[in-house]
Every structure is written in C-alpha cells, then in structure tokens.
Amino acid sequence: MDEQKRRLLAFFGLLLPIGLVLFAMILNSDTDPLTLWVKKWETLLAAMIALLAAAFTLSQMRISDEKQEKRHRELVDLSLRADRLRAARAAYLAGHIREVVDAIPTEPTIVDDYAATVDFSNELVLWNEWAEKEFDHPLIKAAEDLFDAPLASHLEILRGLIVENLPEQIVRLVAGDNTTIALARVRRDTDAIQEMGHEFADALEHLGRLYK
C-alpha cells in the first residue's frame with residue numbers, strides 16, 4: 001500500500017466515528033436507534049477516535065521523519081560526491097609530483113669548479129620555483145581538508161624544504177664560502193624532498209582510492 005492510500009485510510013477511519021457521533025448529536029432523539037447505539041457505545045467510540053487520532057498523528061510524524069531522513073541522505077551524498085571529486089583531482093597529480101621531485105638537478109661532479117657550481121645553483125633556482133608552484137597547486141590546496149595528519153605533515157615539511165631550506169642553501173652555495181658543506185646541505189635537502197615527495201604522491205593516490 002502506497003503512502004497516499006495509507007493517509008486516506010487513516011483519514012476516513014478517523015472521520016467515520018466522528019461522523020456517527022455528530023449525526024447522533026444532531027438527531028438528539030431518545031427513540032432513534034442510531035442515537036441509542038451511539039449513547040450505548042459512546043465510551044468505546046471516544047476511545048476509538050482518540051486512538052485513530054493518535055495513529056494519524058504518528059503517521060504524519062513518520063512521514064515527516066522519512067522526508068527529513070531522505071533529505072539528509074541526499075545532502076550527505078552531495079557532500080561525499082564533492083569530496084570524491086576533490087580527492088580524485090588531487091590524486092591525479094601524484095604522477096606529476098613524482099616527475100617534479102625526480103627532476104631535481106644533479107650536483108656537479110667537480111666540487112671546486114665554481115662555474116659548474118653556479119650553473120648547478122641556477123638550475124636549482126629554476127627547479128625550486130617550479131616545485132614551489134606544483135606543491136602549492138590549486139587542486140592540492142582544494143583537497144587539503146581531506147588530508148589525514150601524516151599526509152598534511154608531509155606536505156607541510158615538503159613546502160618548508162622547498163620554500164625555506166633549499167633557497168637558503170642555494171644562497172650559501174653561490175656565495176662560495178664553503179662549497180663542500182653547502183653542497184652537502186643541498187644534497188641533504190634534495191634527498192629529503194625526493195623521498196618525501198614520492199611518499200606524498202603515494203599518499204595522494206591512496207586518498208583517491210579511499211574516496212572512490
């Protein structure tokens with residue numbers, strides 16, 4: 001039985017005893033069989049009316065609850081759909097992130113060659129500008145509220161290495177005060193960026209699978 005039929009049945013079930021009582025009140029005759037019957041069973045009729053009224057009220061409350069629950073499910077589904085889309089877009093960048101961290105320039109083989117060191121520094125500057133934009137990509141930023149603590153921490157550390165640590169070491173490298181130490185620090189930072197960059201890319205792909 002569909003909802004409309006149930007509502008009509010409840011309505012007419014409530015209307016019938018009320019109609020009998022009203023009809024008997026209008027006649028108001030001590031000899032009319034209907035009036036006598038209503039008076040005889042008036043307590044039972046009153047109880048039936050009360051029960052039917054309660055049943056009708058409960059039915060309406062249930063209908064209202066079902067509508068609210070349906071609306072809630074629709075809103076949750078819309079929210080999850082938006083989260084899935086953001087996660088999928090961020091996961092799409094995983095391969096590109098690996099390309100970026102794998103493209104870190106190779107340090108010069110001759111440490112004391114200042115020209116080679118300067119060229120290496122220039123390459124690092126260009127790579128660093130590229131990497132900074134990629135790790136601040138709009139698709140990554142849009143999905144950041146979906147990141148768990150380890151993934152958010154990875155991204156924060158990577159951005160710190162790219163935006164702060166590595167540029168500082170590049171300046172020291174170009175200054176030429178102690179090329180060996182500067183190159184060692186650059187190697188330390190670039191190795192960390194590569195390792196954490198791959199872990200971050202893996203985590204992005206996991207996020208995409210999690211929200212499928």
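Buried means under 20% relative accessible area, exposed means over 50%, and partly exposed lies in between, with a 1.4 Å probe and protein chains only. By that cut-off Asn 128 is buried, at 7%.

Some ground rules. This is a predicted model: local features need pLDDT of at least 70, side-chain atom pairs count only at pLDDT 80 or more, and totals for chains, interfaces and linings use all residues. Residues are numbered from 1 along each chain as its sequence is written, and side-chain values use heavy atoms, with hydrogens and water left out.

Back to Asn 128. It sits in helix 5, residues 114-135; helices are DSSP runs of H or I, at least four residues, numbered from the N terminus. Beyond four places in sequence, Asn 128 is in contact (heavy atoms within 4.5 Å) with Ile 162, Leu 166 and Pro 167.

Next, Phe 147. This one lies in the loop between helix 6 and helix 7. Phe 147 is buried too, at 10%. Its contacts outside four places in sequence include Ile 140, Leu 155 and Phe 200.

Now charges. How many salt bridges does a search of the whole structure find? Eight. The criterion is a side-chain nitrogen of Lys or Arg within 4 Å of a carboxyl oxygen of Asp or Glu.

Take Asp 202 and Arg 98: closest N and O atoms 2.6 Å apart. That pair links helix 8 to helix 4, 104 residues apart. Asp 202 is partly exposed, at 43%.

Glu 168 and Arg 172 also pair, at 3.0 Å, N to O. They are four residues apart in helix 7, so about one helical turn separates them. Glu 168 is partly exposed at 39%, and Arg 172 at 37%.

How values were computed: Helices (H or I, at least four residues) and strands (E, at least two) are DSSP runs, numbered from the N terminus.
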